[in-house]
Amino acid sequence: MARITLETLRHSYVEKPGSDVDWALASLDLEWTDGGAYALLGPSGCGKTTLLNIISGLLRPTEGRVLFDGTDVTDKDPVDRHVAQVFQFPVVYDTMSVFDNLAFPLRNRGVAEPAVRERVTEVARMLELDGLLARRASGLSADGKQKISLGRGLVRSDVNVVMFDEPLTVIDPHLKWVLRSKLKEVHQRFGNTMIYVTHDQTEALTFADQVVVMLGGRVVQIGTPVDLFEAPRHTFVGHFIGSPGMNILPCAVDAGKVVFDGETVALDSPPRAVPAGTLELGVRPEFVRFAPDGIAVEVVKVDDLGRHQVVEVRRGAHAIKLIAAEGEAIPSERPRIAFDPRRARVYADGWMVEGGASR
Ligand code: ADP
Ligand code: MG
């Protein structure tokens, strides 16, 4: 296994990149520790696959370096990097048996047959393919084939990193959940460095200890699922992660006070000075509550989800969502809301503004 360092990495598919849009990866510095479980999360087109292909060596970055355990591998071939990559769609040899498919990466590297058998059996058992080992791969469903692909990614014990590129796309929703838990289990058991790419927040947050959130070829935040929830560094992280996502409301900062729609909003750490750029107040629905001394609103909609209720309120033209406890009475007469001063933050041009203590 290895520590992976990405140093001022940039990539463009265009011959002579000029403006920002020409860069699939704008500029990236990152360090992944040995043995960690990481997720790379971001919308389609943000550069996730490009980044994986640069790490595996299928693609040479336009600028910057890739290091494994401090050694520069930027110019090394994929085979010399000892990386396992599982693609979005299954890659299997249809004419071979399930066993031979799983054994392929090992036999290819000259692993002795008894060791091949041992390892294939172990991985097959984990992925619940053990009853199918003698079957030809061609007879399997899409789910079954993708399990083989996953197995081939996991079968080698000499790899620096195992990378999964949206591997559950073709998998049935129920099985998705099962396989995701399996991969987590495999990580805990084998302790490999794993990078799991997805555009699905649930997949990222359940799999990874650390999530790298990407947007438009840039990393917007790296953190634990709790960090991303409690302190989104960017409104995109606030909005993309969470269900429903963070409320993002226009605001102003005036003489140390944060003002939303004419009302002063108390924050534990308001900006020290007036930040440059478009200012917004970000607060997650979990940190908004009904409060008799709060900001007057109208209740628009209540969705009872069992565990809790999602309430949509309106203040002038602004919709705000809040989460109320199961069974909590929703005020019908002159409802007012308040934001948790520890969890509401000011954002300037999308980026969180570091505050100064107000007291
Ligand atoms: P993701 O995996 O996050 O969906 P990609 O890394 O595939 O994103 O793509 C990032 C950007 O690079 C997109 O704008 C995409 O259109 C572009 N891109 C990806 N592959 C190629 C390619 N082979 N040639 C030209 N442009 C590409
Ligand atoms: Mg992709």
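Visitor: Which backbone nitrogen does the side chain of Thr74 reach?
Guide: This is a predicted model. In it, the Thr74 side chain comes to 3.0 Å from a backbone nitrogen. The residue that carries this nitrogen is Val66.

Visitor: With which side chain does the side chain of Thr74 make a polar contact?
Guide: Thr74 sits in the loop between β5 (71–72) and α2 (78–81). Its side chain has a polar contact at 2.5 Å. The partner is the side chain of Asp72.

Visitor: Is Thr74 buried or exposed?
Guide: Thr74 touches residues including Arg60, Pro61 and Arg81. Its relative accessibility is 6%. The cut-off for burial is under 20%. Therefore Thr74 counts as buried.

Visitor: Where in the protein is confidence lowest?
Guide: The protein averages a pLDDT of 93, and 99% of the residues score at least 70. Strand β11 (residues 247–250) is highest, at 98. At the other end, with a mean of 85, is helix α6 (residues 173–190).

Visitor: What span does helix α5 reach from its first C-alpha to its last?
Guide: Helix α5 covers residues 142–154, which is 13 residues. At 1.5 Å a residue, 18 Å is expected. The model comes close to that, at 19 Å.

Visitor: How many residues of α5 are buried?
Guide: The helix is mostly covered. Its buried residues include Ile148, Leu150 and Leu154. They pack against elements including β6 (83–86), α4 (113–126) and α6. Of the 13 residues in α5, the buried ones number 12.

Conventions. Residues numbered from 1 in each chain as written. Chains lettered and ligands numbered in written order. Predicted model: local features only at pLDDT ≥ 70, side-chain atom pairs only at ≥ 80, totals over all residues. Heavy atoms only, no water. Helix = DSSP H or I, 4+ residues; strand = E, 2+ residues; numbered from the N terminus. Buried < 20%, exposed > 50% of the residue type's maximum accessible area, 1.4 Å probe, protein only. Polar contact = N/O pair within 3.5 Å; in protein donor to acceptor, adjacent residues only side chain to side chain. Contact = heavy atoms within 4.5 Å. pLDDT = per-residue confidence, 0-100. Expected span 1.5 Å × (residues − 1). Lists of a residue's contacts leave out its neighbours within four places in sequence.
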